[in-house]
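User: I would like to go through the side-chain contacts of this protein. Could you take me through them?

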Amino acid sequence: MEETLQQPVALKEWAVAVQSLAAGELIVIMRKGGIIEETRDFRLIRPSFYLMPAFEHQRKELLKDAYRDGIDRALEGWSKDAETMTLEAYAEAVEDIEVHDGETLNRIFGEHIWTETFAEERLKWKKKNPLHVLLLRVYKLNQPITVPMRPAYSGCKSWVTLEDGVPETAGMTPVLSDEAFNEAADRIRKLLQG
């Protein structure tokens, strides 16, 4: 789990989704790639990474009712002019499953935070590219890490290299037990297989 030889990276995701992942409420995110993605589509560049909360495009109406209030909690204390960013979670991508059709996507509707309409829009955007459903084993950092906010971290992209590195941490704890995680991952795999 330790980043050793390379600079650590972070995957940018809606702050409300990062909160839900860190709380053990879900293990799934869906990616197509950011608008200014260097590769023009999503690629899993590392199997493990920090989760960087992104605030720019969050909209309540794109979330299921149960998650809408999470946006308000995620925005507490946030400013677009902030000079630092706090990282509280780390993830390992256990599986990267490509989804090509709405029928398959609909099977996992209960496993993510987005409305059916928004999930479908993500699938249809850049239609020739698959939607990546990532099964994440998430860890809560025992001590949150504060890093300087750099211009390179802004914008609609999936990955950022943490230019300043990260300080030594006191460790991390899985948000779900092995049993709970494996049960959730197996359930999602079965749903996707139909």
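This is a predicted model: local features need pLDDT of at least 70, side-chain atom pairs count only at pLDDT 80 or more; totals for chains, interfaces and linings use all residues.

User: What does the chain average in pLDDT?

Analyst: The chain has an average pLDDT of 82, and 84% of the residues score at least 70.

User: And where is confidence lowest, and where highest?

Analyst: Confidence is lowest in α4, with a mean of 71. It is highest in strand β7, residues 172-174, at 96. Over residues 35-39 the pLDDT falls below 50, and this stretch has 9 contacts in the model beyond near neighbours in sequence.

User: Turning to the rings, how many aromatic pairs are there?

Analyst: The count comes to 2 aromatic pairs. One of them joins Phe-49 and Trp-159, with ring centres 5.1 Å apart and planes at 80 degrees.

User: Why is that pair called edge-to-face?

Analyst: Planes over 60 degrees apart count as edge-to-face, and the planes of Phe-49 and Trp-159 stand at 80 degrees, so the pair is edge-to-face.

User: Which parts of the chain does the pair tie together?

Analyst: Phe-49 lies in strand β3 (residues 48-54) and Trp-159 in strand β6 (residues 159-161), so the pair ties together parts that are 110 residues apart in sequence. Both Phe-49 and Trp-159 are buried.

User: What about the pair of Tyr-50 and Tyr-90?

Analyst: Tyr-50 and Tyr-90 are also paired edge-to-face, at 4.8 Å centre to centre and with 80 degrees between the planes. This pair links distant parts of the chain, since Tyr-50 is in strand β3 and Tyr-90 in strand β4 (residues 84-99), 40 residues apart.

User: Are those two tyrosines, Tyr-50 and Tyr-90, buried or exposed?

Analyst: Buried means under 20% relative accessible area. Tyr-50 has 6% relative accessibility and therefore counts as buried. Tyr-90 is buried as well, with a relative accessible area of 1%.

User: Where does the charged end of Lys-64 sit?

Analyst: The charged end of Lys-64 sits over the ring of Phe-109, at 4.1 Å from the ring centre.

User: On to charged pairs. How many salt bridges are counted?

Analyst: The count comes to 8 salt bridges. Among them is the one between Arg-107 and Glu-103, at 3.4 Å from N to O. Both residues lie in helix α3 (residues 102-107), 4 residues apart, which is about one turn of the helix.

User: How exposed are Arg-107 and Glu-103?

Analyst: Arg-107 is partly exposed, with a relative accessible area of 27%. Glu-103 counts as exposed, at 57% relative accessibility.

User: Which residue forms a salt bridge with Glu-111?

Analyst: Glu-111 forms a salt bridge with Arg-187, and their closest N and O atoms are 2.8 Å apart. The pair links distant parts of the chain: Glu-111 is in the loop between α3 and α4 (116-124), while Arg-187 is in helix α5 (residues 178-193), 76 residues apart. Glu-111 is buried, with a relative accessible area of 14%, whereas Arg-187 is partly exposed at 37%.

User: And what does Asp-186 do within helix α5?

Analyst: Asp-186 forms a salt bridge with Arg-189, with the closest N and O atoms 2.9 Å apart. Asp-186 and Arg-189 are 3 residues apart in helix α5, about one turn of the helix. Asp-186 is partly exposed at 37%, and Arg-189 is partly exposed at 23%.

User: Which residues are linked in a network of salt bridges?

Analyst: Glu-95, Asp-186 and Arg-189 are linked in a network of salt bridges.

Note on methods:
Residues are numbered from 1 along each chain as its sequence is written. Side-chain values use heavy atoms; hydrogens and water are left out. Rings of Phe, Tyr and Trp (its six-membered ring) pair if their centres lie within 6.5 Å; planes under 30 degrees apart count as stacked, over 60 as edge-to-face and the rest as tilted. Helices (H or I, at least four residues) and strands (E, at least two) are DSSP runs, numbered from the N terminus. Buried means under 20% relative accessible area, exposed over 50%, partly exposed in between (1.4 Å probe, protein chains only). A charge sits over a ring if NZ of Lys or CZ of Arg is within 6 Å of the ring centre and within 35 degrees of the ring normal. A salt bridge is a side-chain nitrogen of Lys or Arg within 4 Å of a carboxyl oxygen of Asp or Glu. pLDDT is the predictor's confidence in each residue, from 0 to 100. Contact means heavy atoms within 4.5 Å.
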